[in-house]
Amino acid sequence: MDKKLIIAGREFTSRLLVGTGKYPDMATMQAAIAASGTEIVTVAIRRLPLEGGGENLLDFIDRGRITLLPNTAGATTAEEAVRLAKLGRAAGLSNFVKLEVIGDSQTLYPDPIDTLEATRVLVRDGFDVLVYTSQDPILARRLEEAGAAAVMPYGSSIGSGQGILDFTAVRMIVDRLSVPVVVDAGLGVPSDAALAMEAGADACLINTGIACSRDPVQMARAMRLGVEAGRKAYLAGRIPRRAYASPSSPTEGLPGQA
């Protein structure tokens, strides 16, 4: 029997988290979220009309079923990320926050120093912090020690669709942490999500791979199945890799053998 995903004391059945950016329209986003089976949806605090007015994507999210995960996308310093998180909470969003502090505008890699500092500040301020980070297992451990509720290493660059570039790095992070590990960024197709789950990740967060596909609703269903298949494969345990063939049919005890 598999256990449920638990983040900051909250229990979830689905292991697929979904983003809300880049969809062609709100109706497609809403349908894709439903098709994915997700229970956690991330939204950029910068995109929300916190003071009212304008189209509000929150109107297209069933908040009775979905846990909202505001994120600090666009922040480039610890101070800016903390300010965004506090703005979101003041607007009545959540103590749940996905922390992003981007250190490079081309790769969109996180700034490790400011990410760690912002984690410490937000945890002290009562936030449940899910933190976007690199594939560095040492930094991942430091983030857990700082109080992160979940650590979210990228599979590859945000929006790149390159999949899992370093399976071993993800596995090392999983092996060293006790908090949930959520692979975030770069997953383009269900096989990418399955590979992340086979590495032992507790969940995947996918936005661009769904939103920018030819059929976001169909891709959301496919990603759901990829995550589920990868999780089941991880629990089942893969066979060892061998240098040579191993016959599928038994050879012992056959007629003519001594």
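**Strands and their neighbours**

Author: In β10, V182 has A203 as its bridge partner. Helices (H or I, at least four residues) and strands (E, at least two) are DSSP runs, numbered from the N terminus. The model is a predicted one, where local features need pLDDT of at least 70 and side-chain atom pairs count only at pLDDT 80 or more, while totals for chains, interfaces and linings use all residues. Residues are numbered from 1 along each chain as its sequence is written, and side-chain values use heavy atoms, with hydrogens and water left out.

Reader: How does the chain get from β9 to β10?

Author: The chain passes from β9 through helix α6 (residues 190–198) to β10, a right-handed β-α-β crossover; right-handed means that, with the strands pointing away from the viewer, the path from the first strand over the helix to the second runs clockwise. Strand β9 (residues 182–184) pairs with β10 in the parallel sense over three bridges, where pairing requires that DSSP finds at least two bridges between two strands.

Reader: And how many bridges join β3 to β10?

Author: Three bridges join them, and the two strands run parallel; the partner of L16 in β10 is C204.

Reader: Which way do the side chains of β10 point?

Author: From strand β10 (residues 203–206), A203 and L205 point one way and C204 and I206 the other way, and all are buried, that is, under 20% relative accessible area, with exposed meaning over 50% and partly exposed in between (1.4 Å probe, protein chains only). In a regular strand the side chains alternate between the two faces of the sheet.

Reader: Switching topic, where is R15, and is it buried or exposed?

Author: R15 sits in the loop between β2 (10–12) and β3 (16–19), and R15 is buried, at a relative accessible area of 7%.

Reader: What does the side chain of R15 reach?

Author: The side chain of R15 reaches the backbone oxygen of D202 at 2.8 Å. Contacts of R15 (heavy atoms within 4.5 Å) include A203 and C204, not counting residues up to four places away in sequence.

Reader: Finally, how many helices and strands are in the protein chain?

Author: The protein chain has eight helices and ten strands. Its radius of gyration is 20 Å, close to the 18 Å that the globule rule gives for 258 residues, so the chain is as compact as a globular protein of that length; the radius is taken over C-alpha atoms, and the rule is 2.2 Å times the number of residues to the power 0.38.

Note on methods. A polar contact is a pair of N or O atoms within 3.5 Å; within protein, one must be able to donate a hydrogen and the other to accept it, and residues adjacent in sequence count only if both atoms are side-chain atoms.
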